[in-house]
Amino acid sequence: RERRAFVDDLVVRLLNQRPQNAAGDASLDADGRPTRALPFAQLLQISLYWFGLTVVWQGWEILGQERIEEFFARDIAPFSLGVMEAIAVIVAIAVQPTIGNISDYTISRWGRRKPYIFIGTLLDVTFLVAIASSHVPLAFFLALLGLQFSANFAQGPFQGYVPDLVPERQVGTASALVGMMQIFGNIGGTIIITVGIVLMQDYFWPTVALGVVELATMLGTVLWVQEGRAAKSRDGRSWGEIARETWATDVLRERSYVWLLAARFFFLTAAGILINNIVFYMERSLGFSGGVFVNLPLVGGEVDAKAFWINVATVLFAITVIIVTVPSARISDRTGRKPVVWAACGLGAVGMAITSIAPEPLSGMPGVVLVAAAAGVFLAVDWAYLAGVLPTMTAA
């Protein structure tokens with residue numbers, strides 16, 4: 001009865017929500033962006049689902065590196081994981097913009113974004129359970145493909161909330177919050193998997209825990225984030241035509257937008273080399289394979305060295321991001337976005353150079369701090385820059 005009452009209450013909340021910024025609303029500017037300021041709690045709630053999504057993907061990155069040697073020999077395991085992820089990325093590239101564009105035209109009692117976020121999250125949990133239960137490489141790979149599909153099925157529409165709801169003068173703050181949630185998601189996913197594996201000596205429940213975190217942030221989004229502008233008219237076109245519209249070449253005329261996407265690709269790829277390969281880095285560059293421990297009297301003895309240093313790096317990453325993110329967003333409001341992006345690139349380049357030549361983890365930590373500062377600075381202005389370059393940006 002309690003579960004039924006909860007579901008009934010959830011449905012009532014969803015059905016009672018209405019789009020607030022319909023066409024012709026005086027609260028919209030000439031570009032169709034809202035002008036009414038949002039309370040900080042609503043800005044925070046808009047960004048919170050990023051935390052859940054990033055927890056899942058960072059947890060996967062650690063999990064994939066830990067488990068791949070169950071299926072392949074050690075010499076080819078990293079290459080095999082790379083091939084799996086390269087194929088899975090193709091799914092993400094196809095699904096995210098397509099579903100995001102379709103959501104722009106979706107009319108429902110839930111609004112145009114929430115049905116996709118709700119369904120995608122439930123599928124994410126399902127595929128995470130499948131990953132946790134997989135014991136042969138084909139099942140593991142197919143579950144990863146499913147996770148890429150469902151996560152991007154939710155993420156594409158979710159990305160429309162910033163241009164839907166946030167007025168121009170608050171875009172910097174919203175961008176900083178989005179950046180912080182992405183970084184905190186990286187931290188949360190790392191801690192859940194590494195600590196869970198060390199404590200439980202098992203992969204199943206830590207993997208499922210990733211889905212539980214995303215599910216909680218999804219419910220907050222569905223229940224408390226207000227819907228934005230009304231859906232665009234399809235003008236009699238089929239959903240297939242809407243999907244094909246996503247891949248029209250007219251966006252190539254937006255040269256600033258194309259260059260910004262290319263810059264994001266290279267910057268985030270560089271940072272991802274460290275963040276998403278930290279297990280391989282610890283094992284193969286620094287020699288922390290199984291059976292290596294560090295003595296910590298404060299916790300009563302020895303702990304796994306690899307897990308210890310991964311979590312040390314994660315904590316340093318978190319502290320650095322907290323320090324730099326909001327000030328970077330405010331500086332970008334005064335100086336413009338481009339100088340801040342250049343600063344992020346410089347910090348990241350120096351940090352990656354230090355990390356790549358470090359002979360042991362302690363000497364590599366300054367590099368981790370600089371990479372974290374670069375990521376915090378960049379992500380603080382990332383969404384603000386996108387919204388500024390393409391003010392009428394849709395979810396796609």
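The model is predicted, so local features need pLDDT of at least 70 and side-chain atom pairs count only at pLDDT 80 or more, while totals for chains, interfaces and linings use all residues. Residues are numbered from 1 along each chain as its sequence is written, and side-chain values use heavy atoms, with hydrogens and water left out. Helices here are DSSP runs (H or I, at least four residues), numbered from the N terminus.

**The nonpolar patch**

- Look on the surface for Ile191, Val195, Val198, Leu199, Met200 and Trp205, which together form a nonpolar patch with about 590 Å² of accessible area.
- A patch like this joins nonpolar side chains (Val, Leu, Ile, Met, Phe, Trp, Tyr) within 5 Å, using residues with over 30% relative accessible area and no salt bridge; a salt bridge is a side-chain nitrogen of Lys or Arg within 4 Å of a carboxyl oxygen of Asp or Glu.
- Accessible areas come from the Shrake-Rupley method with a 1.4 Å probe.
- Helix α7 (residues 171-200) gives the most to the patch, with five residues.
- Methionine 200 lies in helix α7 and has a relative accessible area of 48%, so methionine 200 is partly exposed (buried is under 20%, exposed over 50%, partly exposed in between).

- The axes of helix α12 (residues 305-335) and helix α13 (residues 337-357) come within 7 Å and cross at roughly 135°.
- That angle makes α12 oblique to α13, because angles under 35 degrees count as roughly parallel, over 145 as roughly antiparallel, 65 to 115 as roughly perpendicular and the rest as oblique.
- Where they meet, α12 brings residues including Ser328, Ile331 and Asp333, and α13 brings Arg337, Pro339 and Val340.

**Two residues with positive phi**

- Most residues other than glycine have a negative phi.
- Glutamine 201, in the loop between α7 and α8 (204-224), has a positive phi near 55° and is exposed at 66% relative accessibility.
- Aspartate 235, in the loop between α8 and α9 (239-245), has a positive phi of about 55° and is exposed at 64% relative accessibility.

**A buried loop residue**

- Isoleucine 68 sits in the loop between α2 (40-67) and α3 (77-104), and counts as buried at 0% relative accessibility.
- Leaving aside neighbours within four places in sequence, isoleucine 68 is in contact with Ala77, Leu81, Met84 and Phe280 (contact means heavy atoms within 4.5 Å).
- The C-alpha atoms of isoleucine 68 and serine 80 are separated by 7.9 Å, with the two residues twelve apart along the chain.

Notes
Patches are made of residues with over 30% relative accessible area and no salt bridge: like charges are joined within 9 Å, nonpolar side chains (Val, Leu, Ile, Met, Phe, Trp, Tyr) within 5 Å. Buried means under 20% relative accessible area, exposed over 50%, partly exposed in between (1.4 Å probe, protein chains only). Axes are lines fitted to C-alpha atoms, for helices over the stretch in contact, and angles run from 0 to 180 degrees between N-to-C directions.
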